[in-house]
Amino acid sequence: MPLRDWFRPPRHVLAIFLAVALISAGALGWLGWLLLEQDQAVETQRRQERLEEAADRAVAVVERALAGLESQLGRATAAAIPGVSLVAIAANGTVARAEPGLLYCPLPAAEPEAPPEVFAEAERLEFARNGPAAAAATYQRLADAAEPAVRAGALTRLARVHRRLHDPAAAARAYDRLAQIAHAGVAGLPAGLIARAGRASLFEETHRIADLHLEAAALQNDLRDGRWQLTRQQYELYASQAATWLGKARDEDPDAVARAEAFDWLWQNRQAAEPAAQRLVQAQRLIEVNRSPALVLWSRAPDRLYAAVAGPQYIDALCREAVPGSTFRWAITNLEGRTVVGQAPPAREVAVRTAAATRMPWTLHLFAPAPSPGSPLGPSPRRQLLLWVFAVLAIVLSTGAYFILRAISREMRVARLQSDFVAAVSHEFRSPLSSLSQIAEMLVRDRFPSEDLRRKSYDVLERETERLRRLVEGLLDFGRFEAGASAYRFEVLEAVALLRDVIAEFQERVAPQGYAIELSAPEDPLYVRADREALSRALWNLLDNAVKYSPECHTVWVEVEAVSVSGHQANRISIAVRDRGLGIPTHEQGEIFNRFVRGAESKARRIKGTGIGLAMVRHIVQVHGGEIRLASEPGQGSRFTVVLRASGDAA
């Protein structure tokens, strides 16, 4: 390619831009190298000193927080700490307390349950004698017992019987009463859990989808909050069932899962955590469960083991409190030296505080990110100057790239539209020319078998010639409009009469295809100052578009009315052309009046057109001092409204 071709638009803009960018980048690089050489040694020393100071402050904050957490162990009323669960393990290995609740525990809650023989007679009536109604009466009496465990068992069975009897309202009432019973279990499950799951199952059976979703969401929230002490298998079962009812995948809190797994680790290793001597002993440990860090603190009392389990949420919040802001970054490694929180620290410029030298259960690594302006470890004023120069250069390059891409995209879009226009016009010409050529050949060679067929061929010749004439005239008019060479002869016209003439002529052309034009106009004359030929062409184009893009509905509606603007009386004339055709998507409506633009749906359906009709309409309407409006919805049709200034009289 010759060198001069590289400087033709738009390549000369790219060449100039690249030259400026290279020169600026070279100057900036040279200046940056000088500043870096001067500041490097001072910056390194200053950063290390600040890192050491920040590490000492962070250790003090962590030790103070852990000491406060240890002080909560064993208290009857401990303050709630976000992300921390306080638990107590009794001497027999059962979980005596868990606040806030855990997702699951190694053992279920030891809730009191009624002995099976209490319900033996009612169950014999229900199953052996097949008497659910009699069993329901017996369960109803037991549901009024004083003991909560007996009431819970009776209400659970009563709800089951009512569901067998297809009485969902009575079953729902039984579940409602069951939900109000606390500290009672049925078949190893808390009464509240059975009530929640029972109601949801009942709503599913009765197809009450809205109530089912509400109940399933409430069950899911209760499981997440650890309302009941469940084993892992029980939690997994009901959590999966709640997700199935909600119709979505399970969405668990990683922090809550980490706390539950951390407590499971403590329960499994509680013997190692219990010293031989029966005295209060405190310890802490950082463990890793499911690739998430968890902190376990425990103290041994004579009758039980008190512990606090914290997940990654608490650890992350503690580290953020110890190292506030974005000046420093941290990483935590366990006793094995594996990084469990944060990113791996760099090999240089890092402050380390080991677990052996502090009262922390982990080793803290503190380091600084890449220096940024305004931070304590940020660059010196000279380096700030360098960063400002980089910022200015980035803005210049970004702005230049934006305008270059914009210019190129416009050129490509215009080229594509012109290519589509040429292809559309060629196709429009090919159809009538093919018909004319074929009929002319048959006339020359006298191949028509009958006079009737010959006369029909004359009709085809006339129709295709008229079609070709209109196409050529449209292209010529469009060329004159684009060049500004079109001369308009304005005169006062009666709008309704003009529109009737255009519709009559257009109706004659589309009647063979089964289309009909319905006109709605006032009886009083409406006058407008306009060019008869130009306005007729604009209205013809709107009618032609309405017919072309209405393949299903063969009726087009035209409405004429006088409208008022800014409080004046009937100073505008509105001509609306409405169809029930394909419609125009919202994102295409802004460009549909541009030249050569055609809708995607019209291209997909291979509807004939050149993309200049609406552009001509807009040009003609604007020359007449009016405006054109579009209201359209895909699949519902379009409404094009031409609003023109009314003329005072017929003079």
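# Briefing on a predicted protein model

Just after helix H6, His207 takes a positive phi of about 60°. This residue belongs to a predicted model of a protein with 651 residues, of which 43% count as buried. The secondary structure comes to 18 helices and 18 strands.

**Helix H6**

- The length of H6 agrees with expectation, because 15 residues at 1.5 Å a residue should span 21 Å and the end C-alpha atoms are 21 Å apart.
- His207, with its positive phi of about 60°, follows just after this helix.

**The pair H4 and H5**

- Helix H4 (residues 148–164) and helix H5 (residues 168–179) have axes that come within 8 Å and cross at roughly 165°.
- An angle over 145 degrees counts as roughly antiparallel, and H4 is therefore roughly antiparallel to H5.
- The crossing of these two helices, H4 and H5, is left-handed.
- On the H4 side, the residues that meet H5 are Ala152, Leu155, Thr156, Leu158, Ala159, His162 and Arg163.
- On the H5 side, the residues that meet H4 are Ala170, Ala171, Ala174, Tyr175, Arg177 and Leu178.
- By class, the contact of H4 with H5 comprises nine nonpolar, two polar and two charged residues.

**The pair H7 and H8**

- The axes of helix H7 (residues 209–224) and helix H8 (residues 232–246) come within 9 Å, with a crossing angle of roughly 150°.
- H7 and H8 are therefore roughly antiparallel to each other.
- The crossing of H7 and H8 is left-handed.
- H7 contributes Leu212, His213, Ala216, Ala217, Leu219, Gln220 and Leu223 to its contact with H8.
- H8 contributes Tyr235, Tyr238, Ala239, Ala242, Ala243, Trp245 and Leu246 to its contact with H7.
- The contact of H7 with H8 has twelve nonpolar and two polar residues, and no charged residues.

**Histidines with positive phi in loops**

- His166 is placed in the loop between H4 and H5.
- Although His166 is not a glycine, its phi is positive, at about 60°.
- With a relative accessible area of 71%, His166 is exposed.
- His183 is placed in the loop between H5 and strand E3 (185–186).
- The phi of His183 is positive, at about 55°, although this residue is not a glycine.
- His183 counts as exposed, at 63% relative accessibility.

**The loop between E2 and H2**

- Leu107 is found in the loop between strand E2 (95–99) and helix H2 (120–128).
- Leu107 is partly exposed, and its relative accessible area is 28%.
- From C-alpha to C-alpha, Leu107 and Trp267 are 9.7 Å apart in space, while in sequence they are 160 residues apart.
- Ala109 also lies in the loop between E2 and H2.
- Ala109 is partly exposed, and its relative accessible area is 21%.
- Ala109 and Leu189 are 80 residues apart along the chain, and their C-alpha atoms are separated by 8.2 Å.

**Glu321 in helix H11**

- Glu321 has its place in helix H11 (residues 312–322).
- Glu321 counts as exposed, at 52% relative accessibility.
- The C-alpha atoms of Glu321 and Val62 are separated by 8.4 Å, with the two residues 259 residues apart along the chain.

**Arg645 in strand E18**

- Arg645 lies in strand E18, which covers residues 637–645.
- Arg645 counts as partly exposed, at 46% relative accessibility.
- Arg645 and Val528 are 117 residues apart in sequence, yet their C-alpha atoms are 6.6 Å apart in space.
- Leaving aside neighbours within four places in sequence, Arg645 is in contact with Val528, Arg529, Asn571, Arg572, His624 and Gly625.

Note on methods
Residues numbered from 1 in each chain as written. Predicted model: local features only at pLDDT ≥ 70, side-chain atom pairs only at ≥ 80, totals over all residues. Heavy atoms only, no water. Axes fitted to C-alpha atoms, helices over the stretch in contact; angles between N-to-C directions. Helix = DSSP H or I, 4+ residues; strand = E, 2+ residues; numbered from the N terminus. Parallel < 35°, antiparallel > 145°, perpendicular 65-115°, else oblique. Left-handed = near helix turned anticlockwise from the far one by under 90°. Contact = heavy atoms within 4.5 Å. Nonpolar A, V, L, I, M, F, W, Y, C, P; charged D, E, K, R; others polar. Expected span 1.5 Å × (residues − 1). Buried < 20%, exposed > 50% of the residue type's maximum accessible area, 1.4 Å probe, protein only.
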